[in-house]
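This briefing goes through a single structure, topic by topic. Please keep the sequence and the 3D view at hand.

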Amino acid sequence: MSTARKETTGRTLLVALVLCIVCSVIVAGAAVSLKPVQTSNKQLDRKKNILSAAGMFAPGEHGAAEIEELFGRFTVRMVDLDSGEYLSEEQLARPELAPERYDQIKAAKDPKLSEALPGDADIAGIKRREKVAQVYLLEEEGRLQKIVLPIRGYGLWSTLYGFLVLEGDASTVVGLAYYDQKETPGLGGEVDNPKWKALWPGKQVFDAEGAVSIDIVKGSVNRDSPAAVHQVDGLSGATLTSNGVEHMLHFWLGERGFGPYLSRIRGGQA
Ligand SMILES: Cc1cc2nc3c(=O)[nH]c(=O)nc-3n(C[C@H](O)[C@H](O)[C@H](O)COP(=O)(O)O)c2cc1C
């Protein structure tokens with residue numbers, strides 16, 4: 001008489017089930033244990049982009065410690081977008097507004113911390129706007145040198161997330177950099193091209209009356225035109241992404257964005 005166990009459908013299913021459970025525990029364990037590393041890499045990438053837009057970072061030249069050191073020179077401030085004023089100590093004491101934990105993108109989805117934008121005001125295609133924004137300031141010898149503003153808006157295929165950096169005059173561009181976008185590589189994805197980004201420093205985002213005046217033109221800017229200081233060449237073959245960039249800049253520099261805050265800085269009140 002044979003002692004070998006009989007292969008039954010039940011046993012096959014049991015082996016498959018045990019294998020599934022073991023594999024899912026391994027995958028879930030790896031995902032959980034790698035989460036802090038992913039989060040810290042994401043944070044580091046964000047800081048790298050802020051430094052890059054601020055003209056303080058050349059790719060490949062800095063390690064993590066140096067990025068932290070350079071970024072440490074910036075002060076984080078929380079701005080009430082409607083009034084353009086910094087939050088009071090009392091407001092900062094609210095746990096959901098604590099600067100070290102505040103997540104602006106998450107806040108934009110929270111009805112208590114954001115507001116829906118009416119269609120005609122939503123030129124950046126973001127649907128909701130947070131009430132409080134986080135800005136990064138670089139001060140040297142008591143003078144404001146750089147203002148880093150988080151911006152986002154729809155291009156052709158995706159929402160582009162990035163930073164616009166202005167000089168202490170709150171009008172001259174230091175740089176523009178995106179840390180997350182899914183436009184087509186070689187077309188809209190050229191927003192990341194260093195050659196295109198090099199066209200931005202020195203541009204003026206406001207005109208003499210304080211109106212938002214930055215303009216992305218189709219083709220090339222006429223360098224002899226007096227308007228050239230407000231204009232940047234469009235991305236070739238990617239007019240729709242270029243329009244998205246222009247619209248988001250107009251939104252974030254305008255009345256519903258950082259307009260009130262920047263006008264306070266220009267008026268010496270912030
Ligand atoms: C597969 C594919 C991907 C495209 N990706 C982009 C893009 O990321 N951004 C963009 O503005 N246009 C993109 N376009 C082109 C647009 O459809 C449109 O033709 C273009 O924005 C017009 O720009 P132009 O007037 O400078 O040629 C893409 C077209 C195709 C066929």
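**Helix H1**

Helix H1 covers residues 9-53, and its 45 residues at 1.5 Å each should span 66 Å; the end C-alpha atoms lie 62 Å apart, which agrees. The model is predicted.

- At Lys-35, H1 bends by about 40 degrees, and a proline, Pro-36, follows within four residues.
- The buried residues in H1 include Lys-47, Asn-49, Ile-50, Leu-51, Ser-52 and Ala-53.
- Among the elements that cover the buried residues of H1 are helix H2 (64-71) and the strands S4 (132-140), S5 (143-154), S6 (159-167) and S7 (173-180).
- After H1 comes Gly-55, which has a positive phi, near 70 degrees.

**Packing of H1 against H2**

- The axes of H1 and H2 are 10 Å apart, and the two helices pack at an angle of about 60 degrees.
- H1 and H2 are therefore oblique to each other.
- On the H1 side the contact is made by Leu-44, Lys-47, Lys-48, Ile-50 and Leu-51, and on the H2 side by Ala-64, Ile-67, Leu-70 and Phe-71.
- Lys-47, Ile-50 and Leu-51 are named both among the buried residues of H1 and among its contacts with H2.
- The crossing of H1 and H2 is left-handed.

**Helix H6**

- H6 has 15 residues, which at 1.5 Å a residue should span 21 Å; its end C-alpha atoms are 21 Å apart, in agreement.
- The buried residues of H6 are Thr-241, Ser-242, Gly-244, Val-245, Met-248, Leu-249, Phe-251, Trp-252 and Leu-253.
- The cover over these buried residues includes strands S5 and S6, strand S8 (215-217) and helix H7 (259-266).
- S5 and S6 are also among the elements that cover the buried residues of H1.
- Thr-239 is in H6, which runs over residues 239-253.
- Thr-239 counts as partly exposed because it has 16 C-beta neighbours inside 10 Å.
- Leaving aside residues up to four places away in sequence, Thr-239 touches Lys-218 and Gly-234.
- From Thr-239 to Ser-52 the separation is 187 residues in sequence and 24 Å in space, C-alpha to C-alpha.

- Glu-141 is not a glycine, yet its phi is positive, near 50 degrees.
- Glu-141 sits in the loop between S4 and S5.
- With 5 other C-beta atoms within 10 Å, Glu-141 is exposed.
- Ala-170 likewise is not a glycine and has a positive phi, of about 60 degrees.
- The loop between S6 and S7 holds Ala-170.
- Ala-170 has 21 other C-beta atoms within 10 Å and is therefore buried.

**Gly-175 in strand S7**

- Gly-175 lies in strand S7.
- The count of other C-beta atoms within 10 Å is 24 for Gly-175, so this residue is buried.
- Not counting residues up to four places away in sequence, Gly-175 touches Ala-53, Ala-54, Gly-55, Val-165, Lys-197, Trp-200 and Pro-201.
- Ala-53, one of these contacts, is itself a buried residue in H1, and Gly-55, another contact, is the residue with positive phi that follows H1.
- Gly-175 and Val-191 are 16 residues apart in sequence, and their C-alpha atoms are 12 Å apart.

- Ala-108 is in the loop between helix H4 (104-107) and strand S2 (114-116).
- Ala-108 counts as partly exposed, with 18 C-beta neighbours inside 10 Å.
- Beyond residues up to four places away in sequence, Ala-108 touches Ser-114, Arg-128, Arg-129 and Glu-130.
- Between Ala-108 and Val-132, which are 24 residues apart along the chain, the C-alpha separation is 9.1 Å.
- Pro-194 is in helix H5 (residues 194-197).
- Because Pro-194 has 10 C-beta neighbours inside 10 Å, it counts as exposed.
- Pro-194 is 17 residues from Ala-177 in sequence and 9.4 Å from it in space, C-alpha to C-alpha.

Methods. Residues are numbered from 1 along each chain as its sequence is written. This is a predicted model: local features need pLDDT of at least 70, side-chain atom pairs count only at pLDDT 80 or more; totals for chains, interfaces and linings use all residues. The expected span of a helix is 1.5 Å times one less than its number of residues. The bend at a residue is the angle between axes fitted to the seven residues ending there and the seven starting there. A residue is buried if 20 or more other C-beta atoms lie within 10 Å of its own, exposed if 12 or fewer, and partly exposed in between; C-beta atoms are placed from the backbone. Two residues are in contact if their C-beta atoms, placed from the backbone, lie within 7 Å. Axes are lines fitted to C-alpha atoms, for helices over the stretch in contact, and angles run from 0 to 180 degrees between N-to-C directions. Angles under 35 degrees count as roughly parallel, over 145 as roughly antiparallel, 65 to 115 as roughly perpendicular and the rest as oblique. A crossing is left-handed if the near helix is turned anticlockwise from the far one by less than a right angle, and right-handed if clockwise.
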